Structure formats: C-alpha cells, structure tokens
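Take a moment with the sequence and the 3D view below.

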Amino acid sequence: MGKVRRKKILAVVTNQGTYGVSEHRTGLWLGELVHFYDKAVTAGHTVEVVSPAGGEVPLDPRSLGRLFVDRTVRTYLDDPAFMDDLKSTRPVAEADPDDYSTIFFTGGHGTMWDFPDSADVQRTGDAVYAAGGIVSSVCHGACALINLRDADGNPLVQNRTVTGFATIEERLAGVKSRVPFLLEDELRAKGAKYVRSTVPMTPHAVRDGRLITGQNPVSTKAVSDLILGALAETE
C-alpha cells in the first residue's frame, strides 16, 4: 500500500430524502456517519462532511429509532453545532481531492438515487484513489463505488472483494420493492467479488488494499477500524 500523507478525511452523505418520487422517507442513516466520525476524530483525524448537491442532509427516520440511537448517536443528536452542519453541507464539487487521504461514503437508502451517477462523486472518488488514498464505504454508501474507475478506466471494484447492503437485507428491511436496483447485483455486474455475512444484519467489513467496505449499519464500527488501521500504516 502506497504511503499517504496525513490529510483530512472526506465523508460523503446523501441529499435524497425519499425513495425516489414516493412519499416514503429515507435519507442518511445517522449512525453510519457518527460512529465513523467519532472514531476518526478520537484518533486525531479531521473529518469534513459533504454531499452531492450541498445543503441539507435528510435523516432516515428509522435510523433515529430506539434500537439504533446508542450513546454515541445521542451525543451527536444533542450537539447543536454538529446537527446544524448537516443542514448546510458543502457540495462535494467544492472539495479538493488532494486535501484528503480518505473518502468515506456513508449509507442510507437515499444514496441509491444521488450517489451512483453523480459526476462530482465520481471525479472526487477517482482522484482520491489515483493519488494513493483510501476509498471506503458502509452499507448503501457502496452505491458510490459502482461507477468509480481505476487508472486504466476499469471499474474500481472489478476483481476486488467488497461488501454492501445485501439483497436479503433489503427484503428483511421490507423495502426491496422500493429500491431502484439491488446493490449486491450492481456490484457483481461490475466484476466485484461481493461477500456478505452468513447471518444478515450482523457486522461484516472487508479490506482489499485501499478499498474498504462495510455491509450494513451495524458494520460501521468494524469498517471504521479497518480504515483507521490502514491509515496508521502510512504514518
């Protein structure tokens, strides 16, 4: 793995608040941002949060349920400055890829609409990786990986071991009929070696060089540890 200078980390979150044009609400799965953010900041890294369009970041109502709001999530929910920042994020187009050692794509179903075809997301992700940085994601954040390319123009995930929200998990979440595509299928279609946990909705994270991915919301801590471990190798 090439050496990466101590730079900032770029966390990308969704602007999409519904399942397409339906009335069903989605957005950022808050824990997938704050569990990573908290671990990274505690380890001494600077994390900047951006979104494809800039502006407000909707929160998936499910992510605010009692089962998912642990002490870390509650701490950030109760932090007015942090929550205000999510109402006025910078657009990813304003981020200079050279400033970042790592790009981390957070999840929530909203990403399925505004991550895959965003030219700014693609440009930034491709540039971070080309410069020797880490490209990472958790859950539906892997939607951003679908159209990323390596230096030879091949899909970044081609012949790489990756994970992301599984088809069986879409079914268990009761939203399989609402999503525009199945992430597992799309990753496989780009040549990825897709892997998942034996038991759905349990932690699972994998590292393939500078490509690091987590399967579902409860995988955020595991994928964060892999990312921080990879960064520590460069220092």
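Predicted model: local features only at pLDDT ≥ 70, side-chain atom pairs only at ≥ 80, totals over all residues.

**A walk through the model**

Let's begin with the lining of the second largest pocket, whose residues divide into six nonpolar, two polar and three charged. Residues are numbered from 1 along each chain as its sequence is written, and side-chain values use heavy atoms, with hydrogens and water left out.

Back to the pocket: its volume is about 180 Å³. Pockets here come from a 1 Å grid over the protein atoms alone: a pocket is an open set of points where a 1.4 Å probe fits, with protein on both sides within 12 Å along at least five of seven lines, and lining residues have an atom within 4 Å of a point. Grid points are joined across faces, edges and corners, and the volume is the space filled by probe spheres set on the points. The residues lining the second largest pocket are Y37, V47, E48, V49, V50, F82, D85, L86, S88, T89 and R90. Two elements, β2 and α3 (80-85), each give two or more residues to that lining, and the largest share, four residues, comes from β2. Names like these follow DSSP runs, numbered from the N terminus: helices are H or I with at least four residues, strands are E with at least two.

So what about β2 itself? Four of its five residues are buried, leaving the strand mostly covered. (Buried means under 20% relative accessible area, exposed over 50%, and partly exposed in between, with a 1.4 Å probe and protein chains only.) On to its partner: β1 and β2 run parallel, joined by four bridges, and V12 stands opposite V50 in β2. Two strands pair if DSSP finds at least two bridges between them.

Now zoom out to the sheet. Seven strands make an open sheet with mixed pairing, in the order β3-β2-β1-β4-β5-β9-β8. The edges are β3 (90-91) and β8 (205-208), each pairing on one side only. Further along, β4 (residues 100-105) pairs with β5 (residues 134-138) in the parallel sense over four bridges, with F105 opposite S137 in β5. Four bridges also join β5 to β9, again running parallel, and here V135 stands opposite L211.

Which way do β8 and β9 pair? They pair in the antiparallel sense, over four bridges, and V206 has T213 as its bridge partner in β9. The two strands form a hairpin with two residues between them, and G209 in the turn has a positive phi of about 65 degrees. In a regular strand, side chains alternate between the two faces of the sheet. Both faces of β9 are covered: L211 and T213 on one side and I212 and G214 on the other are all buried.

Helices lie across these strands. Helix α1 (residues 30-42) lies across β1 (8-12), β2 (47-51), β4 and β5, at about 155 degrees to β2. Helix α8 (residues 220-232) lies across β1, β4, β5, β8 and β9 (211-214), at about 170 degrees to β5. Those angles run from 0 to 180 degrees between N-to-C directions, using axes fitted to C-alpha atoms, for helices over the stretch in contact, where contact means heavy atoms within 4.5 Å.

A couple of loop residues deserve a look. Most residues other than glycine have a negative phi. C139 has a positive value, near 55 degrees, and N159 has one near 60 degrees. Are they buried or exposed? C139 is buried, at 3% relative accessible area, whereas N159 is exposed, at 52%.

Last stop, the largest pocket: its volume is about 240 Å³. Of the 16 residues lining it, W29, F165, A173, M201 and P217 are the closest to its centre. Its lining divides into 10 nonpolar, three polar and three charged residues.

Technical notes: Nonpolar A, V, L, I, M, F, W, Y, C, P; charged D, E, K, R; others polar.
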